[in-house]
Amino acid sequence: MIVISQDQSQSFKNFVEAHDSFLIAGHKEPDGDCIASSIGVSYILRHFGKPYELLNAGLFKRTEIKAYAELFKNEVPFMTQEERNRCGLIIVDCSEISRLGELEGGDIKGFDTFIIDHHKTTAPFSPLAIIDPTAPAAVCLVAQLFEALIGKPSREEARIFFFGIATDTGFFRFLSEESAELFRMSARLVDCGSSPRETYQEITGGKPWNTRKLLGILLNRAERYLNGRLVVTYETQEDTKKYGQDGRDNDALYTLMLAVEGVEAVCFVRQETDHSCTIGLRSKDKLDVSLVASRFGGGGHKNASGASTEGQVGTLIPAIVKEFSHLGGI
């Protein structure tokens, strides 16, 4: 993780000081990092005395983030053109307007925009951006900005920052030997009062019973490909109808499958509609699944990526396996 420079923190400070109010938006179907990054930016604005609105199109499917849903609106507030000119848009945990999803009530485009992200991306649509693909979570960048511009966080502020870090790193499972700076940051947050034990329970506890029943079905359906190095499973529309979408725990599926001897990558395909699917990809070590995700219009991190694409499970799985067969290391 690269430490944010003084010039970068000053650039963000200048952006904050140049606007009277703000919209803070993250990607649709948010995860803990997206939520913590959004709230973390609101903490900075609060210290500067700037009004803001937290926006997210949802859905808030994950158990660990449902408590935060009430803080977010899914519609852009009405503004006169003069008000829009004085309002800044801060996008976190993604770099594309399209990934914000359908926000109701107004046009999210056209605002002066600052982006804070850690995903691999093409050139961002706004020249004002802090993008660091080496950061394991976007909230790492937000926390650094907070420390640079505000100072030591309160216990509640530290708790949110630690929560975002823990969710996007699999509670530090996904980190490499290049993560010393993140652990130093995490230690500072614990010094400020964040509790690793409480955060772990917040992330892993409270799962509905039906998620465990569905997990059993997905495990039973799993097949190995490419000499056992790739595991693929899928969910049908009938599964979704029967077991619902609340409290999904795909992380447990990925963890169990990646723990199998010889497995280097896991693919999960969900049939969302008759003609579209979502794809989730996870891998170990140096295997870059974002390359496969990009072939289906998606992206993400080297070891955790996804996509939404047209198609059906029966035809997509062979196509995905074919793309994996072209990757080195599998």
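**Loop between β6 and β7**

I began at Asn227, which is found in the loop between β6 and β7 (helices, H or I with at least four residues, and strands, E with at least two, are DSSP runs numbered from the N terminus). The model is a predicted one, where local features need pLDDT of at least 70, side-chain atom pairs count only at pLDDT 80 or more, and totals for chains, interfaces and linings use all residues. Residues are numbered from 1 along each chain as its sequence is written, and side-chain values use heavy atoms, with hydrogens and water left out.

I noted a phi near 60° for Asn227, a positive value in a residue other than glycine. Asn227 is exposed, with a relative accessible area of 73% (buried is under 20% relative accessible area, exposed over 50%, partly exposed in between, with a 1.4 Å probe and protein chains only). Leu226 is in the loop between β6 (223-225) and β7 (230-235). Leu226 also has a positive phi, about 55°, although it is not a glycine. At 23% relative accessibility, I put Leu226 down as partly exposed.

**Cis peptide**

I looked up the bond from Gly58 to Leu59 and found it cis, with omega near 0°. Leu59 sits in the loop between β2 and α3 (81-86).

**Sheet**

I traced an open sheet of five strands in the order β2-β1-β3-β4-β5, with parallel pairing (two strands pair if DSSP finds at least two bridges between them). Its edge strands are β2 (52-55) and β5 (129-131), each of which pairs on one side only. Neighbouring strands of this sheet are turned by 15° against each other on average, direction ignored (axes are lines fitted to C-alpha atoms, for helices over the stretch in contact, and angles run from 0 to 180 degrees between N-to-C directions).

I then took the pairs in turn. β1 and β2 run parallel and are joined by four bridges, and Phe22 stands opposite Tyr52 in β2. From β1 the chain crosses through α2 to β2, in a right-handed β-α-β crossover (right-handed if, with the strands pointing away from the viewer, the path from the first strand over the helix to the second runs clockwise). β3 and β4 pair in the parallel sense over five bridges, and Ile91 stands opposite Ile115 in β4.

**Helices on the sheet**

I found α1 lying across β1, β3, β4 and β5, at about 145° to β4. α4 packs on the sheet too, touching β4 and β5, and its direction makes about 115° with that of β4. α1 and α4 pack at an angle of about 80°, with their axes 10 Å apart. They are therefore roughly perpendicular to each other (65 to 115 degrees; under 35 is roughly parallel, over 145 roughly antiparallel, the rest oblique). Ser9, Phe12 and Lys13 in α1 meet Leu145, Ala148 and Leu149 in α4 (contact means heavy atoms within 4.5 Å).

**Cores**

I listed the largest nonpolar core, which has 47 residues (a set of buried Ala, Val, Leu, Ile, Met, Phe, Trp, Tyr and Cys residues joined through side-chain atoms within 4.5 Å). Phe12, Val41, Tyr68, Ile90, Ile116, Phe161 and Ile165 touch the most other members. Elements giving two or more residues to this core include α1 (6-17), α2 (32-47), β4 (112-117) and α5 (155-168). A second, separate core of 22 residues includes Ile279, Val289, Val292 and Ile320.

I checked Ile116 last, leaving aside its neighbours within four places in sequence. Its contacts include Phe12, Val41, Ile90, Cys94, Ile130, Leu141 and Leu145.
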